[in-house]
Amino acid sequence: MEEQLLKSTTRHVRIFSAEVNEDGELVPSNQVLTLDVDPDNELTWNEDALQTVYGKFDELVESHSGADLTDYNLRRIGSDLEHLIRSLLQSGRISYNLNSRAINYSMGLPQVAVEDNP
């Protein structure tokens with residue numbers, strides 16, 4: 001049976017049922033999921049925030065262990081990761097990349113600190 005490439009794409013998350021070969025190409029796989037976080041570089045990341053997303057991805061994949069690999073399951077994982085990314089942005093752990101080629105405040109307007117004037 002030929003393996004079929006399944007994918008889930010949200011604004012900041014792409015998940016593929018594939019592995020990346022030595023040439024950087026996606027090779028369909030029923031055993032491996034590949035995660036691409038913020039492919040358009042709309043956000044500014046630090047290693048801690050990225051590891052939080054990757055850890056949540058691993059946890060979500062594990063929670064679906066034994067279930068059929070379907071578009072629906074991939075979309076659920078992608079949606080949950082998108083919510084996590086929104087919470088990282090709202091808590092200030094990541095920020096919008098103001099040097100992005102197309103600034104899109106898809107997760108809400110940036111928060112601006114307001115100073116109190118006595």
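The residues lining the largest pocket divide into seven nonpolar, six polar and one charged. Here Ala, Val, Leu, Ile, Met, Phe, Trp, Tyr, Cys and Pro count as nonpolar, Asp, Glu, Lys and Arg as charged, and the others, Gly among them, as polar. The structure is a predicted model, in which local features need pLDDT of at least 70 and side-chain atom pairs count only at pLDDT 80 or more, while totals for chains, interfaces and linings use all residues. Residues are numbered from 1 along each chain as its sequence is written, and side-chain values use heavy atoms, with hydrogens and water left out.

The largest pocket has a volume of about 250 Å³. A pocket is an open set of points on a 1 Å grid over the protein atoms alone, with protein on both sides within 12 Å along at least five of seven lines; lining residues have an atom within 4 Å of a point. Grid points are joined across faces, edges and corners, and the volume is the space filled by probe spheres set on the points. The lining comprises 14 residues. Leu33, Val61, His64, Ala67 and Leu69 lie nearest the pocket centre. Helix 2 (residues 71-90) supplies the largest share of the lining, three residues.

The chain holds two helices and seven strands. Their order from the N terminus is β-β-β-β-β-β-α-α-β. Helices (H or I, at least four residues) and strands (E, at least two) are DSSP runs, numbered from the N terminus. Of the 118 residues, 31% count as buried. Buried means under 20% relative accessible area, exposed over 50%, and partly exposed in between (1.4 Å probe, protein chains only). The chain exposes about 7900 Å², of which carbon and sulfur atoms supply 46%. Accessible areas come from the Shrake-Rupley method with a 1.4 Å probe. Among contacts between residues at least 6 apart in sequence, 52% join residues at least 24 apart. Contact means heavy atoms within 4.5 Å.

Helix 2 has 20 residues and should span 28 Å at 1.5 Å a residue; its end C-alpha atoms are 28 Å apart, which agrees. The expected span is 1.5 Å times one less than the number of residues. Buried residues of helix 2 are Asn73, Leu74, Ile77, Gly78, Leu81, Glu82, Leu84, Ile85, Leu88 and Leu89. Their cover includes strand 1 (7-9), strand 2 (13-16), strand 5 (34-37), strand 6 (43-44), helix 1 (47-63) and strand 7 (95-96).

Val13 lies in strand 2. Val13 is buried, because its relative accessible area is 1%. Beyond four places in sequence, Val13 touches Ser8, Leu35, Asp36, Gly78, Leu81, Glu82 and Ile85. Val13 and Leu81 are 68 residues apart in sequence, yet their C-alpha atoms are 7.3 Å apart.

Just after helix 2, Gly92 takes a positive phi of about 85°. Ile94 counts as buried at 3% relative accessibility. Leaving aside neighbours within four places, Ile94 contacts Leu43, Thr44, Trp45, Ala49, Ile85, Leu88 and Leu89.

Most residues other than glycine have a negative phi. Asp38 has a positive phi, near 50°, and Asn41 has one near 55°. Asp38 is found in the loop between strand 5 and strand 6, and Asn41 has its place in the loop between strand 5 and strand 6. Asp38 counts as buried at 2% relative accessibility, whereas Asn41 is partly exposed at 48%.

Definitions and conventions. 1 Å grid on protein atoms, 1.4 Å probe; cavity = no way out; pocket = protein on both sides within 12 Å on 5 of 7 lines; lining within 4 Å.
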